[in-house]
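Colleague: I am new to reading models. Please walk me through what packs inside this one.

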Amino acid sequence: MSVFSHPEFDNHEQLSFFCDEETGLKAIIAIHNTNRGPALGGCRMWNYASDEEALRDVLRLSKGMTYKSALANLDLGGGKSVIIGDPRKHKSEDLLAAMGRFLERTGNQYIAAEDSGTSVPDLQVMNRFTDNVAGVTERTGIDGLPCNGDPSPATAYGTFIGLKTAVQYKLDRKDLSGLKVAIQGVGNVGYRLAEHLHAAGAELFVTDIHEEQVQRAVTELGATAVSQNEILSLDVDVIAPCALGAVLNDDSIPLIKAKVVAGASNNQLASQRHDLMLRERGILYAPDYVLNAGGIIDVFYERVGHEHTKVRAHVETIADTLTEIFGRADVQDRPTGEIANELAEERFMK
Ligand code: NAD
């Protein structure tokens, strides 16, 4: 397994491999870049098929966090950690405690947050052994309601702000009343996004692999249920991917009728060239990691002192960043994802 010559290696500052024989913990922590501050990123637990797969994931995801925090104008760098194992079978309090002790050894250069396969209670166990954990404190959430540390409400609000900005830019409309939006995945973020859109008068079309999630949106928000296969090709104004990655690909893009893609899920583009493909089809792609930065903004404020109105105001700056990206993309006739990466690099490279 190569590291320095690995295709996903991007001059990462530090890679640490941990093994705890007693609990079976095998974990990797990757710190991509700390020019703007300590690296913050999720701790993922996943049943990786190989060590190689885990390494690839942690290298790629930690780099993504550097770009996300830089574009969100946070004094944070990018990092990520992965625990190798099935969260349903291999997770135990002892294993999480061992992870907490490992986090303590990174010398405050990496701060872990919740991710796939880990939860707020898991992070609270790690927090007993280290301060290098975020998103674990009960506080007033972005909406003024009590929050247990879950960043989803902030992520959903940021996505809503981003979607509105994209609609205003592309469709020249401020009022979302009657706007047709198709949401793929009405989970933690997608459902809350649907609530914001419903309150703003949008007409919703939703799908999910869990029927009860769909039914909730139909009953509570008057959404129309559609099949998983047709969600991205509906005749709507906006599609909002909020479920999984790589949904913007060679098969889906030619079928998209919407003029705007603005959703929360990570890594929506199957590959970088799909960025250009969307532009060539006249579809405005709001880069996913710009839209879904609300969560990391929320977690950042938890660490520095959390006045929820300040968090909300910071999340709303997603609109300014997006407007800058859309403007540059048009002036230079280049795809928005490429411009977003370039702008992030301007903000984190010395
Ligand atoms: P979630 O698991 O709560 O919701 C995802 C939903 O998508 C679930 O209801 C799931 O059933 C559904 N789904 C899965 N596969 C599907 C498919 N093929 N078609 C339709 N629906 C499908 O997750 P979440 O926290 O809402 O996150 C959604 C996305 O946003 C993820 O990509 C996540 O990485 C990203 N994101 C989330 C946050 C956050 O704060 N939660 C922050 C940044 C990015």
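Colleague: Which residues have the most contacts inside the largest nonpolar core?

Modeller: This is a predicted model: local features need pLDDT of at least 70, side-chain atom pairs count only at pLDDT 80 or more, and totals for chains, interfaces and linings use all residues. Residues are numbered from 1 along each chain as its sequence is written, and side-chain values use heavy atoms, leaving out hydrogens and water. A nonpolar core is a set of buried Ala, Val, Leu, Ile, Met, Phe, Trp, Tyr and Cys residues joined through side-chain atoms within 4.5 Å; buried means under 20% relative accessible area, exposed over 50% (1.4 Å probe, protein chains only). The largest has 67 residues, and those with the most contacts inside it are Leu163, Val181, Ile183, Leu197 and Leu204.

Colleague: Which helix gives the most to this core?

Modeller: Helices are DSSP runs (H or I, at least four residues), as are strands (E, at least two), numbered from the N terminus. With 8 residues, the top giver is helix H5 (residues 152–171).

Colleague: Where does this core lie relative to domain 1 and domain 2?

Modeller: Domain bounds come from an automatic or database domain assignment. Domain 1 (3–68 + 75–136) and domain 2 (146–349) both give residues to the core, so it lies between them.

Colleague: Why are the buried residues of helix H7 on the same side?

Modeller: In H7 (residues 211–221), Val214, Ala217 and Leu221 are buried. The arc is taken from the directions from the helix axis to the C-beta atoms. They sit on the same side of H7 because they cover an arc of only 75 degrees.

Colleague: Which exposed residues does the face turned away carry?

Modeller: Look opposite the buried side of H7. That face carries Glu212, Thr219 and Glu220.
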